[in-house]
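Hi everyone, thanks for coming. Have a look at the sequence and the model on the screen, and I'll talk you through them.

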Amino acid sequence: MLAAAGILCVRNYEDAAAAIGQLDATGRFASAGLRELLVLRCIATPGRATHTGMIAQVRADGEGDDALGEYAIALRAGAARARGGALPSVGSLHELLRLPHPDWQTSAIDELLRDAHERTPPVLKAALAALALRDATAGEPDGPKTAQLFALAVTLVLCVGGAITDAWLTLPHVNTRAEPSLRETFTLLAREARGAQRGLLAAQELVASDKERVRAALGRAAYSALDVLELLHQKIVVTIPDAARALGQTPPTTGAAIARLMELGIAREVTGKARSRAFAYEGIVRALEPESTGRP
């Protein structure tokens, strides 16, 4: 029975490693805008944020969730360090999330993350780090901060080990009071990797489809609209003045192009204001919305 359980655990590990590798391979060839959406998905997953929360993180008016914004800063800072080869310790995780826990016995986790004696596969190391952190926080309230701590640890370990090129994968919200399982952790990693890859491919297909719709519907007016659509593809959220400057257009030309994209259901105004309005490419954000939020 024990041997059978071990074989299943190895299979779950291999499944997770394969899914993570496929996500990274797909993400490397995606556009800058879609790679940014993968990072936003990673930010949104542990807190169960919807596409609205993802859009808020790229709005310039400060309307986003403060806790999600704090985690986004920590994730980006940590991923940048990880890409530079700076192995994250538990102390650095505390620092990044501003969550000091002086009573934790962190030496075993630090040793696991540093991996001084042998090269443990990064997917296995990430799962083990998640389990160790779950054990360490067994008595803590099961809230967003705890979920983000797990997510940040997993993301940084995967980045350090070269399993992912950027912060594209994290663990969903987990119940820290439940008995942790290595198999379950591998299953969650595989599920999230496949969900992110599906969303990325769907977003790529949507962009190509929307360009064809613009060409078919707008005729000669399609040129300026396609330029704005490509900018939305890269930036996700734009304002008329910023888009006009970026594209070398006049504000009225850009405003008219955005209005046409709104009529086609491609762009959506996201501020609800009469002035300083911002417009989002909502469809591609929805495509990469974490599946744990209930999106069909």
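A quick word on terms before we start: helices (H or I, at least four residues) and strands (E, at least two) are DSSP runs, numbered from the N terminus. What we have here is a predicted model, where local features need pLDDT of at least 70, side-chain atom pairs count only at pLDDT 80 or more, and totals for chains, interfaces and linings use all residues. Residues are numbered from 1 along each chain as its sequence is written, and side-chain values use heavy atoms, with hydrogens and water left out.

Let's begin with the whole chain. There are 13 helices and three strands. Of the 296 residues, 49% are buried, where buried means under 20% relative accessible area, exposed over 50%, and partly exposed in between (1.4 Å probe, protein chains only). The chain has an accessible surface of about 13800 Å², and carbon and sulfur atoms account for 53% of that; the areas come from the Shrake-Rupley method with a 1.4 Å probe, and for residues only the protein chains shown count as cover. As for contacts, meaning heavy atoms within 4.5 Å, take those between residues at least 6 apart in sequence: 71% of them join residues at least 24 apart.

Now to helix α9, residues 182-218. How far apart are its end C-alpha atoms? They are 54 Å apart, which agrees with the 54 Å that 37 residues should span at 1.5 Å a residue. The expected span, by the way, is 1.5 Å times one less than the number of residues. At the N-terminal end, Ser181 is the cap, with a side-chain oxygen 3.3 Å from the backbone nitrogen of Arg183. That is a polar contact in the sense of a pair of N or O atoms within 3.5 Å; within protein, one must be able to donate a hydrogen and the other to accept it, and residues adjacent in sequence count only if both atoms are side-chain atoms. Just after α9, Gly219 has a positive phi of about 60°.

Beyond its neighbours within four places in sequence, Gln197 contacts Gln22, Leu23 and Thr26. Asp210, also in α9, is buried, with a relative accessible area of 4%.

What about the core? A nonpolar core is a set of buried Ala, Val, Leu, Ile, Met, Phe, Trp, Tyr and Cys residues joined through side-chain atoms within 4.5 Å. The largest one here has 85 residues, and Ile20, Leu152, Leu158, Val214 and Leu261 have the most contacts inside it. Helix α9 gives the largest share of this core, 11 residues. Leu261, leaving aside neighbours within four places, is in contact with Val214, Ala225, Val228, Leu229, Leu232, Ile266 and Ala267.

Next, helix α2, residues 32-44. Its 13 residues should span 18 Å at 1.5 Å a residue, and the end C-alpha atoms agree, at 18 Å apart. This helix is mostly covered, with 10 of its 13 residues buried; among them are Gly33, Val39 and Arg41. Val39 is buried because its relative accessibility is 5%. Which residues does Val39 contact, leaving aside its neighbours within four places in sequence? They are Leu75, Arg76, Asp166, Ala167 and Trp168. Val39 and Ala167 are 128 residues apart in sequence, yet 5.5 Å apart C-alpha to C-alpha.

Gly33 takes us across to Leu231: the two are 198 residues apart in sequence and 8.8 Å apart in space, C-alpha to C-alpha. Leu231 belongs to helix α10, residues 222-235, and counts as buried at 14% relative accessibility. Not counting residues up to four places away, Leu231 touches Ile236, Val238, Ala243, Ala246 and Leu247.

Val238 leads us to the sheet, where Val238 stands opposite Phe279 in β3. The three strands form an open, antiparallel sheet in the order β1-β3-β2. Strands β1 (237-238) and β2 (268-269) are the edges, each pairing on one side only. Pairing here requires at least two bridges found by DSSP, and two bridges join β1 to β3, residues 279-280.

That's my tour, and I'm happy to go back to any part of it.
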